[in-house]
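Let us walk through a protein model together. Keep the structure in view as you read.

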Amino acid sequence: MAAPLELFCWKGDYGLPSVDVDCLAVLAYAKFAGAPLKVHKITNPWRSPTGTLPALKTREEGSISQPSKIIIHLRKQKYNADYDLSAKEGADTLAFVSLLEEKLLPALIYTLWIDSKNYVDVTRCWYAENISFPLNFLLPNRMHCQQLEKLRLMRGDPVLEPGEQLEKELCRDAFECMTLLSQRLGSQKFFFGDSPSSLDAYVFAHLAPLLKIKLPNGKLQQHLNSLNNLQQYCTNILALYFPSDARETPGRKIHAQPDSSDLDNEPHKRRNQILSVLFAVGAMLGYAILTGIVTIKRERPQLKNSGHDDGDEEDED
């Protein structure tokens, strides 16, 4: 019997099977296509075979990390949620996925990762509480920087700075996208009738976090709440395909258990805590040196009777 496909993804909370948009898309598609995955829900991306989440571990192609590539691999394995779609429906899928990535995703990134109130009170708080020490001091800020850089690439502006004007533009595009999705869905159960497709997986992944995660600054949530059919759409998918997750209390804070069994061993607990602190301090110091925040200056003895000045040397990274 062939080894099952293994999916590594961020764990869930707030009544969601995962708190991450990309992981939600893959999890939903796998459910819709009936792919028998062995799912590892973790809070340390470095424990995945690619160092990122989501990641699919396969026997044929090694490990795959991008949602679109994971879905393509599942299709190659005959797990195809789009099998019954017509050519026109396939084209509509590509168009709406592009719309999501261009109009809704940037606003979603801004809302969860860039908006200072939402990031500090909700996003950073969740990751800091669920990632094991000492990575909980390092990864949330690192992920914040990665998401800001991703937003800059999407907008084509390398010096893009958060602000009221940017938020207004992003929200306007997101409102337009959600309204179009609501009109396209209408009273249907899914976007192409009674069976879910890859488009449903992507739409669900982008809307479900807005529906379930309570945010201090909830402009996108307010607009989604005004679109009753999209609200019901996400609720139905959670109830049908992720019933055990949907029953969880929204906003419930789950503290991740340390991965190492040594921490459960009381005689070694103090030693591991000290080593963890030393690791965190060393990692932060190394980062500061590499990025130039801290520099090490070496003084050289002056040469007497020298007829010239050698000048300063710079250490290469």
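What is the volume of the largest pocket? The largest pocket holds about 1200 Å³. A pocket is an open set of points on a 1 Å grid over the protein atoms alone, with protein on both sides within 12 Å along at least five of seven lines. Lining residues have an atom within 4 Å of a point. A volume is the space filled by probe spheres set on the points, which are joined across faces, edges and corners.

The model is predicted: local features need pLDDT of at least 70, side-chain atom pairs count only at pLDDT 80 or more, and totals for chains, interfaces and linings use all residues. Residues are numbered from 1 along each chain as its sequence is written, and side-chain values use heavy atoms, without hydrogens and water.

Helix 3 gives the largest share of the lining, 11 residues. Helices here are DSSP runs (H or I, at least four residues), numbered from the N terminus. By class, the pocket lining has 27 nonpolar, 13 polar and seven charged residues. Ala, Val, Leu, Ile, Met, Phe, Trp, Tyr, Cys and Pro count as nonpolar, Asp, Glu, Lys and Arg as charged, and the others, Gly among them, as polar.

Now look at how helices pack. Two packed helices are described by the angle between their axes and the distance between the axes. Axes are lines fitted to C-alpha atoms, for helices over the stretch in contact, and angles run from 0 to 180 degrees between N-to-C directions.

Start with helix 1 (residues 21-33) and helix 2 (residues 67-76). Their axes come within 9 Å and cross at roughly 15°. Helix 1 and helix 2 are therefore roughly parallel (angles under 35 degrees). In contact (heavy atoms within 4.5 Å) are Asp-22, Val-26, Tyr-29 and Ala-30 of helix 1 with Pro-67, Ile-70, Ile-71, Leu-74 and Arg-75 of helix 2. Seven of these residues are nonpolar, none is polar and two are charged.

Helix 1 also packs against helix 7, at an angle of about 140° with the axes 8 Å apart. The residues that meet include Leu-24 and Phe-32 in helix 1, and Tyr-202 and Phe-204 in helix 7. This contact divides into 11 nonpolar, two polar and one charged.

Technical notes. Helix = DSSP H or I, 4+ residues; strand = E, 2+ residues; numbered from the N terminus. Parallel < 35°, antiparallel > 145°, perpendicular 65-115°, else oblique. 1 Å grid on protein atoms, 1.4 Å probe; cavity = no way out; pocket = protein on both sides within 12 Å on 5 of 7 lines; lining within 4 Å.
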